[in-house]
Amino acid sequence: MSASKTDLLSRVPLFAQLTKHDLEFVASRADEVEAPAGQVLTTQGRLGDSFYVLLAGEADVEIDGKPRRTLKTGDFFGEISMLDRGLATATITTKTHTRLLVMSHAQFRDAIKSSDGLLVKVLATMGERLRADTAAQGRAGRGKT
């Protein structure tokens with residue numbers, strides 16, 4: 001791999017505003033992995049044990065058996081389970097061959113503790129997703145008779 005984890009992270013919007021020192025710290029807490037198309041990374045209702053950042057490729061999000069969106073390079077998921085140690089809120093399946101940075105709960109906790117800005121961005125993204133999912137459920141409910 002030609003680009004270092006620090007360089008890769010600096011291109012991800014979630015991490016783009018971190019200092020070089022903070023990027024190096026986060027990179028030291030993450031593992032780089034590859035996954036083939038069709039691999040289930042998280043399953044809704046099961047204990048979530050990792051935080052993922054898509055470095056390359058795409059992954060589909062499914063909630064309650066219904067497709068919601070496609071995640072692309074730079075997107076992340078698994079943060080809710082990392083923050084509350086709860087069950088995964090969606091099933092995520094790779095759509096293409098993907099490259100990911102993966103953090104365990106302990107690695108994620110260390111990264112979040114190192115940067116208030118990172119925590120704020122993760123929480124803001126969670127809020128945006130919650131609003132979008134709530135709006136989608138409202139639209140689906142109005143369409144039923």
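Helix H4 lies across strands E1, E3 (50–56) and E8, running at about 80° to E8. Helices (H or I, at least four residues) and strands (E, at least two) are DSSP runs, numbered from the N terminus. Angles run from 0 to 180 degrees between N-to-C directions, and axes are lines fitted to C-alpha atoms, for helices over the stretch in contact. Contact means heavy atoms within 4.5 Å. This is a predicted model in which local features need pLDDT of at least 70 and side-chain atom pairs count only at pLDDT 80 or more, while totals for chains, interfaces and linings use all residues. Residues are numbered from 1 along each chain as its sequence is written, and side-chain values use heavy atoms, with hydrogens and water left out.

The strands E1, E8 and E3 belong to an open sheet of 4 strands with the order E1-E8-E3-E6 and antiparallel pairing. Two strands pair if DSSP finds at least two bridges between them. E1 (31–35) and E6 stand at the edges with a single partner strand each, so one side of each is left without a neighbour in the sheet. E1 and E8 (residues 98–104) run antiparallel and are joined by 5 bridges. Within this sheet, Glu-32 stands opposite Leu-101 in E8.

Another open sheet of 4 strands has the order E2-E7-E4-E5, again with antiparallel pairing. Its edge strands are E2 and E5, each of which pairs on one side only. From one strand to the next, the twist averages 30°. E2 (residues 40–42) pairs with E7 (residues 91–94) over 2 bridges in the antiparallel sense, and Val-40 stands opposite Thr-93 in E7. E4 (residues 59–63) also runs antiparallel to E7, joined to E7 by 4 bridges. There, Glu-62 stands opposite Thr-91 in E7.

H4 (residues 105–114) also packs with helix H2 (residues 20–28), at an angle of about 170° and with the axes 9 Å apart. H2 and H4 are therefore roughly antiparallel to each other; angles under 35 degrees count as roughly parallel, over 145 as roughly antiparallel, 65 to 115 as roughly perpendicular and the rest as oblique. From H2, Asp-22, Phe-25 and Val-26 meet Asp-110, Ala-111 and Ser-114 in H4. The residues of this contact divide into 3 nonpolar, 1 polar and 2 charged. Ala, Val, Leu, Ile, Met, Phe, Trp, Tyr, Cys and Pro count as nonpolar, Asp, Glu, Lys and Arg as charged, and the others, Gly among them, as polar.

Now the pockets. A pocket is an open set of points on a 1 Å grid over the protein atoms alone, where a 1.4 Å probe fits, with protein on both sides within 12 Å along at least five of seven lines; lining residues have an atom within 4 Å of a point. The largest pocket is lined by 25 residues, of which Glu-79, Ile-80, Thr-89, Ala-90 and Arg-129 lie nearest its centre. Elements giving two or more residues to this lining are E4, E5 (66–71), E6 (76–77), H3 (79–84) and H5 (116–142). H5 provides the largest share, 7 residues.

The second largest pocket has Pro-13, Leu-14, Lys-121 and Arg-129 among its lining residues. E5 and H5 each supply at least two residues of that lining, and H5 gives the most, with 3 residues.
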